[in-house]
Amino acid sequence: VKEEKHEEVRELDKNISVIDNMENLIKEEIENLSNVIGVIVSDDTGIPIASHFQTEMDVDETTALIGLTINDMREALNIIELNSFNKIYIEIGKGIVYIFPLTESAFLTVIGTKASNIGMIQLVAKRLKEVMGDYL
């Protein structure tokens, strides 16, 4: 029983290290991009995995809305007999939300201002997707 507890602690430490690495990667990618508000990796149920924001935001609320959006989009695509999406762009009052699938159930979301350069957002997302694929 004691060895099982040690194994659980080692596994938890490993998971925390992976999340810290993901958050550091996100921070490095966006720290020089003034038009990026934040980046979130979350699952399709709305649970945050890793994130970094340039401004104060409620991560749990944001990922819950992202999960809802993804699942509503999937449902709509199934109704019209399309299978999946490569990316989602949503214009909102203060900016733009870009959602990119990482895996079947994990998503990379980039939140930018209205002045965001879509090409730069796609480049950042592509680099993060390549690197994060090793973790997911």
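Which element supplies the largest share of the lining of the largest pocket? The model examined here is predicted, so that local features need pLDDT of at least 70 and side-chain atom pairs count only at pLDDT 80 or more, while totals for chains, interfaces and linings use all residues. Residues are numbered from 1 along each chain as its sequence is written, and side-chain values use heavy atoms, with hydrogens and water left out.

The largest share of that lining, 5 residues, comes from α2. A pocket is an open set of points on a 1 Å grid where a 1.4 Å probe fits, with protein on both sides within 12 Å along at least five of seven lines; lining residues have an atom within 4 Å of a point. The largest pocket has a volume of about 320 Å³, taken as the space filled by probe spheres set on the points. Its lining comprises 15 residues, and T62, L65, I92, V97 and I111 lie nearest the centre.

Helix α2 covers residues 59-79; helices are DSSP runs of H or I with at least four residues, and strands are runs of E with at least two. At 1.5 Å a residue, its 21 residues should span 30 Å, and the end C-alpha atoms are 30 Å apart, which agrees; the expected span is 1.5 Å times one less than the number of residues.

Residues T62, T63, I66, G67, I70 and L77 of α2 are buried, meaning under 20% relative accessible area with a 1.4 Å probe and protein chains only, whereas exposed means over 50%. The face of α2 turned away from this buried side carries the exposed residues D60, E61, L65, E75 and I79.
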